[in-house]
Amino acid sequence: MIPTVMLRRSTAPARRPVADPRACIPFIGTPLVLVLRNGLVLHLLLLAAGPFDLLLGWPGNEVLVHLHAITLWEVA
């Protein structure tokens, strides 16, 4: 079986559905599922939350995701 990338696309996302990082702060250190505006789905550990972005992944292998790129997020 060939692995595929998970894509979710139902309707056009809101202009800025996630603009405030304060909702994410209690979940630092826990895995999150993020759906980005381009349809990518990330399953990563939340390392830190800044004023405009989230730092996800593992120490030494981080991914920086801007809040305006996120259409949906939930705790994994």
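Analyst: Rings of Phe, Tyr and Trp (for Trp, its six-membered ring) are taken as a pair if their centres lie within 6.5 Å, with planes under 30 degrees apart counted as stacked, over 60 as edge-to-face and the rest as tilted. By this rule the count comes to one aromatic pair. Phe27 and Trp73 form it, edge-to-face, with 5.7 Å from centre to centre and 65 degrees between the planes. The pair links distant parts of the chain, since Phe27 lies in the segment before strand E1 (31-36) and Trp73 in strand E5 (residues 70-75), 46 residues apart. Strands here are DSSP runs of E with at least two residues, and helices are runs of H or I with at least four, numbered from the N terminus.

The model is a predicted one, in which local features need pLDDT of at least 70 and side-chain atom pairs count only at pLDDT 80 or more, whereas totals for chains, interfaces and linings use all residues. Residues are numbered from 1 along each chain as its sequence is written, and side-chain values use heavy atoms, with hydrogens and water left out.

As for accessibility, buried means under 20% relative accessible area, exposed over 50%, and partly exposed in between, with a 1.4 Å probe and protein chains only. Phe27 counts as partly exposed because its relative accessibility is 29%, and Trp73, with a relative accessible area of 22%, is partly exposed as well. In the protein chain, buried residues make up 28% of the 76 residues.

The protein chain has zero helices and five strands, and the five strands form an open sheet in the order E4-E3-E2-E1-E5, with antiparallel pairing; two strands count as paired if DSSP finds at least two bridges between them. Strand E4 (61-66) and E5 stand at the edges, each with a single partner strand, so one side of each is left without a neighbour in the sheet. From one strand to the next, the twist averages 45 degrees, where axes are lines fitted to C-alpha atoms (for helices, over the stretch in contact) and angles run from 0 to 180 degrees between N-to-C directions. E1 and E5 run antiparallel and are joined by five bridges, and Val33 stands opposite Glu74 in E5.
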